[in-house]
Amino acid sequence: MKVFVDAIGLAAPGLNGWQESLPVLRGEQTYAANELERYKPEQLPANERRRATDLVRMAFRVCEDLLRQKPIDIRQCAAVFASSGGDYPIIDQICKALCEPERLVSPTQFHNSVHNSAAGYWSIATGSRAPSTSISAFDDSFCAGLLEAANLCVIEQLPTILAVYDIKPPEPLQSKRPISQDFGVALLLSPTESADSLAQLTLTIAESAESTSAQLASLEAMRLRNPAARSLPLLEFIARQQSGHMLLAANNNPALTIEVKPCH
């Protein structure tokens with residue numbers, strides 16, 4: 001299965017935006033883990049923005065970073081949103097509320113607890129009625145999300161945004177679900193090559209595989225701290241305009257071999 005990457009959005013401590021992160025991904029600049037400021041989604045109406053959680057803001061941060069590089073008619077664009085387990089801070093708040101004698105869960109907390117909340121906010125912001133999928137595959141979420149988005153892109157012949165993101169759970173969830181760094185990435189996939197295409201990806205199912213590591217030690221450490229950061233080896237290939245193969249292992253889903261070729 002072949003797709004083209006036309007634009008990328010990226011957000012993590014020290015990687016604030018795709019264009020701004022290119023020197024680090026290419027090994028031209030030393031990585032520095034500068035914390036991200038809280039993001040203010042540009043496309044969300046004010047009322048929805050006030051209700052948006054930090055996880056939803058991460059999804060919007062990477063999607064809007066991507067759209068700043070390649071403005072497109074988002075209403076004609078399919079979307080796949082993937083996070084490893086949903087909104088951990090909201091899960092924490094609801095669990096704490098249920099431990100109180102009153103057991104009161106606010107409507108806003110419940111509204112934000114569903115796994116497709118980011119997709120819902122996205123459809124409100126963009127007015128898109130194009131196909132949208134929300135998935136969760138624990139540590140395999142980038143691999144499963146990429147496979148789902150590529151299928152959607154090829155079968156429906158639609159440009160497709162893949163957004164994969166996770167933020168740090170609060171304690172005590174953090175000790176049971178250790179994600180020690182925020183990370184989000186968005187890829188705009190196209191079924192055909194264009195003048196803006198950055199890379200061609202050819203995906204094949206692998207029987208078993210050990211995931212390809214990041215080329216830089218600092219980014220390899222980040223890759224292991226957040227399921228969405230499993231994308232970093234692919235981002236390094238694209239940033240460096242390198243050809244090659246990489247492997248995405250998966251515990252409970254098919255593993256993927258990705259052949260990467262720069263387009264220009």
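Hi everyone, let's start with R103, which counts as exposed because its relative accessibility is 53% and the cut-off for exposed is over 50%. Please keep in mind that this is a predicted model. R103 sits in the loop between α4 and α5, and its phi is near 50°, a positive value in a residue other than glycine. Why point that out? Most residues other than glycine have a negative phi, and most peptide bonds are trans.

Q241 also has a positive phi, near 55°, and is not a glycine. You'll find Q241 in the loop between α10 and β8, residues 244-248. Its relative accessible area is 54%, so Q241 is exposed.

While we're on the backbone, which two residues are joined by a cis peptide bond? They are E171 and P172, with omega at about 10°. P172 belongs to the loop between β5 and α8.

Now for the charges. Side chains of opposite charge can pair when their charged atoms come close.

R38 is exposed at 58% relative accessible area, and D54 is partly exposed at 41%.

Another is E42 with R68, at 3.1 Å from N to O. E42 comes from the loop between α1 and α2 and R68 from helix α3, so here the parts tied together are 26 residues apart in sequence. E42 is exposed, with a relative accessible area of 55%, whereas R68 is partly exposed, with 46%.

Then there is D139 with R177, whose closest N and O atoms are 3.0 Å apart. This pair links distant parts of the chain, 38 residues apart: D139 lies in the loop between β4 and α7, and R177 in the loop between α8 and β6. D139 is partly exposed at 23% relative accessibility. R177, at 9%, counts as buried, because the cut-off for buried is under 20%.

That brings me to another buried arginine, R49, which has no salt bridge. How far away is the nearest side chain of opposite charge? It belongs to E64, and the distance is 7.8 Å; a salt bridge would need a side-chain nitrogen within 4 Å of a carboxyl oxygen. R49 is part of helix α2, residues 46-51. Leaving aside neighbours within four places in sequence, R49 contacts K40, P41, E42, L44 and R57.

Let's finish with helices. α1, residues 18-25, packs against α10, residues 232-239, at an angle of about 90°, with the axes 10 Å apart. The two are therefore roughly perpendicular to each other. From α1 the contact uses W18, L22 and L25, and from α10 it uses L232, L235, E236, I238 and A239. By type, that contact has 7 nonpolar residues, no polar ones and 1 charged.

And in helix α4, residues 88-98, which residues are buried? They are Y88, I90, D92, I94 and A97. Their cover includes α5, β5 and α8.

Methods:
Residues numbered from 1 in each chain as written. Predicted model: local features only at pLDDT ≥ 70, side-chain atom pairs only at ≥ 80, totals over all residues. Heavy atoms only, no water. Helix = DSSP H or I, 4+ residues; strand = E, 2+ residues; numbered from the N terminus. Buried < 20%, exposed > 50% of the residue type's maximum accessible area, 1.4 Å probe, protein only. Lys, Arg positive; Asp, Glu negative; His and termini not counted. Contact = heavy atoms within 4.5 Å. Axes fitted to C-alpha atoms, helices over the stretch in contact; angles between N-to-C directions. Parallel < 35°, antiparallel > 145°, perpendicular 65-115°, else oblique. Nonpolar A, V, L, I, M, F, W, Y, C, P; charged D, E, K, R; others polar.
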